[in-house]
Every structure is written in structure tokens, then in C-alpha cells.
Amino acid sequence: GLPEALARMASVLPTVVLSNGTLFNSRLLARLKPLAGLDFSVQISLDSARPDLNDEMRAPRTFAKVVTAIPRLREGGIRLRTATPAARMAPPGPAP
């Protein structure tokens with residue numbers, strides 16, 4: 001399966017998986033355990049620090065799923081990165 005293939009890749013070269021962070025249930029987290037300690041990380045997209053704005057751009061309850069997944073991945077020894085679009089963080093108004 002995919003977690004096993006990722007473990008093989010991460011044992012040879014740095015490996016990053018891009019994710020929206022919504023599917024990390026207990027079963028998948030258990031399958032990712034062999035990746036702890038390898039040169040492997042998960043990059044999770046988060047479009048806003050505000051749940052309402054993030055969910056508006058993604059889907060309902062996406063923010064809640066992401067902020068639940070992040071500590072669970074860290075507890076499992078998986079390194080994390082977040083990706084947040086800078087343009088969406090800019091205040092409204094004309095560009096300088």
C-alpha cells in the first residue's frame with residue numbers, strides 16, 4: 001500500500017506528501033508509524049487561521065479535521081509542514 005511505498009522511498013531520499021489533512025483516522029495513523037524517524041514529512045494545506053474562512057475555501061469542518069490531525073501526526077512521530085497561501089493572508093484593499 002501507499003504507506004509502505006512511502007517508507008521505501010523515505011529510506012532512500014527525503015519524501016514529502018501533500019495532504020488536505022482530512023483523512024488521518026486511527027487506522028491510517030497506525031499504518032504511518034513505520035515512517036516515524038525517516039526523512040519523511042506531511043505537508044498539510046491550511047488556507048486561514050480562521051475556521052470560517054478556511055472552510056469557505058475548502059469544505060465544511062475542514063479546519064476542525066486539520067487541527068485534530070496535526071497533533072495526532074506529531075504524537076506518532078511524523079514531521080509536519082503547513083502550506084498557507086500568503087495572498088489570502090493579506091488585508092483587503094488595493095495592492096501597494
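**The largest pocket and its surroundings**

Guide: The lining of the largest pocket is made up of Leu2, Pro3, Leu6, Val17, Ser19, Asn20, Leu23, Phe24, Leu28, Leu32, Phe40 and Val42. This is a predicted model, in which local features need pLDDT of at least 70 and side-chain atom pairs count only at pLDDT 80 or more, while totals for chains, interfaces and linings use all residues. Residues are numbered from 1 along each chain as its sequence is written, and side-chain values use heavy atoms, with hydrogens and water left out.

A pocket here is an open set of points on a 1 Å grid over the protein atoms alone, where a 1.4 Å probe fits, with protein on both sides within 12 Å along at least five of seven lines; a lining residue has an atom within 4 Å of a point. The volume of the largest pocket is about 210 Å³, counted as the space filled by probe spheres set on the points, which are joined across faces, edges and corners.

Four elements each supply at least two residues of this lining: helix H1 (2-10), strand E1 (15-19), helix H2 (26-32) and strand E2 (40-45). Helices (H or I, at least four residues) and strands (E, at least two) are DSSP runs, numbered from the N terminus. H1 gives the most, with three residues. By class, the lining has ten nonpolar, two polar and no charged residues. In this scheme Ala, Val, Leu, Ile, Met, Phe, Trp, Tyr, Cys and Pro are nonpolar, Asp, Glu, Lys and Arg are charged, and the others, Gly among them, are polar.

One of the lining residues is Leu32, which sits in helix H2. Leu32 counts as buried because its relative accessibility is 5%; buried means under 20% relative accessible area, exposed over 50%, and partly exposed in between (1.4 Å probe, protein chains only). Apart from neighbours within four places in sequence, Leu32 is in contact (heavy atoms within 4.5 Å) with Pro3, Phe24, Leu73 and Ile78. Of these partners, Pro3 and Phe24 also belong to the lining. Leu73 is 41 residues from Leu32 in sequence, and their C-alpha atoms are 8.8 Å apart in space.

Charged side chains come next. A salt bridge is a side-chain nitrogen of Lys or Arg within 4 Å of a carboxyl oxygen of Asp or Glu, and the count by this rule is four. One of them joins Arg31 and Glu4, at 3.3 Å from N to O. That pair links distant parts of the chain, with Arg31 in helix H2 and Glu4 in helix H1, 27 residues apart. Arg31 is partly exposed at 31% relative accessibility, and Glu4 is partly exposed at 36%.

Another salt bridge is between Arg79 and Asp39, at 2.7 Å from N to O. Arg79 lies in strand E3 (residues 79-83) and Asp39 in the loop between H2 and E2, so this pair ties together parts that are 40 residues apart in sequence. Arg79 counts as partly exposed at 44%, as does Asp39 at 36%.

Asp47 is buried, with a relative accessible area of 5%. Its side chain is joined to that of Arg58 by a polar contact of 2.6 Å, that is, a pair of N or O atoms within 3.5 Å, of which, within protein, one must be able to donate a hydrogen and the other to accept it, with residues adjacent in sequence counting only if both atoms are side-chain atoms.
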